[in-house]
Amino acid sequence: MLGPVILAASRSDRMRRLVSAAPVTKPVVDRFIPGETVDQIVPIIRELTDQGLELTMDVVGEDITTPAQAEAARDAYLELIDRLKPLDLGTRAEMSVKLSMFGQALDGGHELALKNVRPVVEAAAEIGTTVTLDAEDHTTLDSMFAIHEELRKGFPQTGCVIQAYLFRTEADARRLADSGSRVRLVKGAYKEPAEVAYQQRHEIDKAYVRILRTLMEGEGYPMIGSHDPRLISIGQELARTAGRKLDEYEFQMLYGIRGDEHLRLAAEGHRMRVYTAYGTDWYGYFMRRLAEKPANLRFFARSMVSKG
């Protein structure tokens, strides 16, 4: 399987330099990451929301090694929120954050990440929107869920992400569904050991359906993070069976992948949210997109061949 190989490459400085220096890389990256600055991303926000789509915005970044870098990540989100305010989009444009960017992996990282993410959540609430905490590798999740629980005391709309390939996730889903939380369910995009995660695609898919059923039958707000047509259809059926209205759940897909499907679901009346990343430190995000789906890798390889 190529996925683990690509994920390993995402942590390689040598591969980072090689991929970043390739002439073809930037136009391919632009497919998934439409800008590096707030000025570049605001027109994209306007374009997508004018098409009836919603967004969750991610300021990409990797390898935070100092508290100053974590504070800079916080400030980048605060700048984004400041630019969103005059657009008056409310929850049509929310934020997704990785707590590693806020210092979670540093000494005292749990408290540091909570300290840095709280002002972002507060500022988002002030403009009528919210924040979702992204899931990272399994070693970070207890901290992420604890921060999520703490933030929800003052901002109950704060969301979180769970990953279907982890054995623990079915129990996490039951707890979150009972608490009425906003939960994005994804398959998972990190290389996890067999001791904690399913390794076969069919096992992950079956777990995804079981977990999604739990979320749909619960008290929370499910967010279906998938590009898989079969899982999208199953999600619609589970929502109908659970008696959910169209505004009581949503679909989420990545910018640059299945754009026609984004518009189709929105036209049918579904809430369709596009995960839209921007920033200069795009390498790790880009490599995970390649690892998640073979078609993404084929797209990149064809571009390398045709333009290299």
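Reader: So which strands make up the barrel, and how do they pair?

Author: It's a closed barrel of eight strands, running S1-S2-S3-S4-S5-S6-S7-S8, with parallel pairing. Pairing needs at least two DSSP bridges between two strands, and strands are DSSP E runs of at least two residues, helices H or I runs of at least four, numbered from the N terminus. Bear in mind that this is a predicted model: local features need pLDDT of at least 70, side-chain atom pairs count only at pLDDT 80 or more, and totals for chains, interfaces and linings use all residues. Residues are numbered from 1 along each chain as its sequence is written, and side-chain values use heavy atoms, leaving out hydrogens and water.

Reader: How many bridges join S3 to S4?

Author: Two, between S3 (residues 131-133) and S4 (residues 159-163). Thr-132, for one, has Gly-159 in S4 as its bridge partner.

Reader: And which helix packs on the sheet there?

Author: H7 (residues 141-154), touching S3 and S4. The direction of H7 makes about 155 degrees with that of S4; such angles run from 0 to 180 degrees between N-to-C directions, with axes fitted to C-alpha atoms, for helices over the stretch in contact.

Reader: Switching topic: at what angle do H9 and H10 cross?

Author: Roughly 25 degrees, with the axes of H9 (residues 201-217) and H10 (residues 229-241) coming within 10 Å. That makes H9 roughly parallel to H10, the word for angles under 35 degrees, whereas over 145 is roughly antiparallel, 65 to 115 roughly perpendicular and the rest oblique.

Reader: Which residues of H9 make the contact?

Author: Asp-205, Tyr-208, Val-209, Leu-212, Arg-213 and Met-216, with contact meaning heavy atoms within 4.5 Å.
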